[in-house]
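Dear colleague,

I am handing over the structure below, and after it you will find my notes on what came out of the analysis. Please read them with the model open beside you.

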Number of protein chains: 2
Amino acid sequence: MLYLVGLGLSYKSDITVRGLEAVRNCSRIYLEHYTSILMAASLEELEEYYGKPVILADRELVESGSEEILHDARTQDVAFLVVGDVFGATTHTDLVLRAKRESIPVEVIHNASVMNAVGSCGLQLYNFGQTVSMVFFTESWKPDSWYDKIWENRKIGLHTLVLLDIKVKEQSIENMARGRLIYEPPRYMSISQCCEQLLEIEDARGTIAYTPNTPAVAISRLGSSTQTFKAGTIEELSRYDAGEPLHSLIILGRQCHELELEYLLEFTDDKEGFKKAVIEDQEFFKPAPWVPPVEDED
Amino acid sequence: MLYLVGLGLSYKSDITVRGLEAVRNCSRIYLEHYTSILMAASLEELEEYYGKPVILADRELVESGSEEILHDARTQDVAFLVVGDVFGATTHTDLVLRAKRESIPVEVIHNASVMNAVGSCGLQLYNFGQTVSMVFFTESWKPDSWYDKIWENRKIGLHTLVLLDIKVKEQSIENMARGRLIYEPPRYMSISQCCEQLLEIEDARGTIAYTPNTPAVAISRLGSSTQTFKAGTIEELSRYDAGEPLHSLIILGRQCHELELEYLLEFTDDKEGFKKAVIEDQEFFKPAPWVPPVEDED
């Protein structure tokens with residue numbers, strides 16, 4: 001049996017009781033280690049908690065080495081652990097497809113992920129549009145396909161969850177060219193960098209999907225003991241020091257109801273300023289009123 | 001301390017290890033009992049598992065009786081349990097706001113909910129738009145504000161998660177009028193009724209947000225041992241017997257990628273027919289090509 005087990009957001013004990021029982025009975029345990037990290041538990045702590053060694057699975061192993069992971073899974077129990085819930089990334093549905101093709105039974109044990117736990121900032125999950133990912137810009141590479149998606153969401157009044165890039169086990173171009181297996185220290189995008197990149201692309205495009213005064217919420221270390229929410233405009237948050245990773249950002253849509261706003265005001269020092277930003281943004285991005293077509297007078 | 005604890009989707013052991021520890025140490029335990037139900041555990045089983053009595057909290061108690069729930073929570077630990085994750089419904093953020101106003105510390109312990117666990121049907125969570133709720137129609141009351149939301153989602157190619165109505169502790173109009181506290185048996189909307197209501201409103205509106213041939217996925221008993229996915233057109237699913245509750249439905253958007261489709265094909269007997277429906281729907285709802293504005297020749 002292949003068990004795909006969500007670990008939740010932060011603590012080793014965020015695993016479900018059912019998930020823990022399954023993992024402890026597995027003969028091999030892989031931990032997916034490139035789309036997210038577990039904030040409050042080290043590998044050693046997990047190994048002690050499960051009573052078993054845990055193999056870190058990087059992108060290469062998951063995408064090309066599924067034979068290793070699935071090896072013996074018809075007769076042995078194998079666990080594939082994912083921080084958050086299981087189906088955030090495409091590559092994991094691919095692993096399930098491969099298992100099914102080899103007639104390996106699969107059981108999924110779900111958990112909380114950023115996709116549903118962001119609800120704890122007070123914004124209704126119902127009113128979120130498509131989710132986007134923000135990657136680290138370089139001098140020559142500034143992918144901005146997320147811009148149109150934010151625009152589409154905001155045209156119909158929806159909030160956008162922006163997931164921030166993490167780089168784990170990354171090689172420098174020089175080390176890659178020379179074939180040296182030396183990896184850079186892990187990098188996690190900050191709220192301020194994300195907001196700067198948002199403003200940079202809006203500046204370059206100039207089509208006003210949002211403005212520097214558009215309200216947003218910084219989500220830091222969601223689900224951990226130091227979880228922090230900060231409400232402010234994109235411009236304000238581009239100067240905000242959010243501390244340790246992981247971070248996500250929500251760009252507000254027009255559909256922000258009274259109770260949602262009241263909840264968000266707990267996360268800002270400038271309540272009046274934030275309220276004003278929300279109302280002005282709602283007003284500015286209000287769809288144009290419908291005008292009846294002019295009758296042809298000829 | 002007020003603990004808000006998500007129970008996950010189905011089994012009593014779907015609670016997290018951290019959640020279970022918190023609940024077992026609480027002096028009072030409430031279970032929210034009107035937005036969802038735990039499929040594979042009875043109240044008695046939960047009480048035995050927690051080693052404590054569990055108070056069922058109906059809508060009235062949560063919305064008007066928060067004093068009872070929060071009573072003593074400054075000095076005692078109180079648990080408020082929610083099937084799925086904690087922040088699906090607005091009323092729970094309201095409970096947190098009340099607690100904060102009374103300086104009661106609040107801790108949230110997240111879990112999986114339908115909002116993220118639907119990812120297990122193979123559709124990417126990134127490509128979902130706003131979520132809608134489908135309520136039971138009566139002869140005289142057919143609320144259809146969800147129609148425009150599905151339309152908005154589909155205009156930008158996104159999938160729509162449709163949550164199906166449940167009626168727990170409902171009074172008949174006659175019993176209500178006579179003040180008799182007699183409740184009707186619980187009702188859970190079926191996939192076929194949801195699809196019939198979808199077709200009825202499309203028929204009445206005629207603005208083609210979707211057609212009878214638009215592809216959809218029926219999600220039944222998500223996260224339980226009898227979990228079932230069924231892929232088909234809305235018209236096909238209006239004749240589908242999905243069995244025991246709970247159910248949800250996903251209406252596909254145009255943004256259905258190859259790997260997503262390959263995964264969905266596992267859930268249909270008519271693979272060629274479903275593939276054809278997806279391609280035809282994508283073609284039919286393709287946005288019109290951009291035409292440059294005609295120069296004024298005067």
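A network of salt bridges links A:Asp14, B:Arg18 and B:Glu107, and a search of the whole structure, which is a predicted model, finds 32 salt bridges over all chains.

Three further pairs may be worth looking at in turn. In chain B, the side chains of B:Arg59 and B:Glu63 form a salt bridge with an N to O distance of 3.3 Å; both residues belong to helix 3 (residues 59-64), where they sit four residues apart, about one turn of the helix. B:Arg59 is partly exposed at 44% relative accessibility, and B:Glu63 is also partly exposed, with a relative accessible area of 32%.

Also in chain B, B:Lys167 and B:Asp165 meet through their side chains in a salt bridge of 3.9 Å, N to O. Here B:Asp165 is buried, its relative accessible area being 13%, whereas B:Lys167 is partly exposed at 25%.

In chain A, the salt bridge between A:Glu174 and A:Arg180 has its closest N and O atoms 3.6 Å apart. A:Glu174 is partly exposed, with a relative accessible area of 47%, and A:Arg180 is partly exposed as well, at 32%.

Notes
Residues are numbered from 1 along each chain as its sequence is written. Chains are lettered from A and ligands numbered from 1 in the order in which they are written. This is a predicted model: local features need pLDDT of at least 70, side-chain atom pairs count only at pLDDT 80 or more; totals for chains, interfaces and linings use all residues. Side-chain values use heavy atoms; hydrogens and water are left out. A salt bridge is a side-chain nitrogen of Lys or Arg within 4 Å of a carboxyl oxygen of Asp or Glu. Buried means under 20% relative accessible area, exposed over 50%, partly exposed in between (1.4 Å probe, protein chains only). Helices (H or I, at least four residues) and strands (E, at least two) are DSSP runs, numbered from the N terminus.
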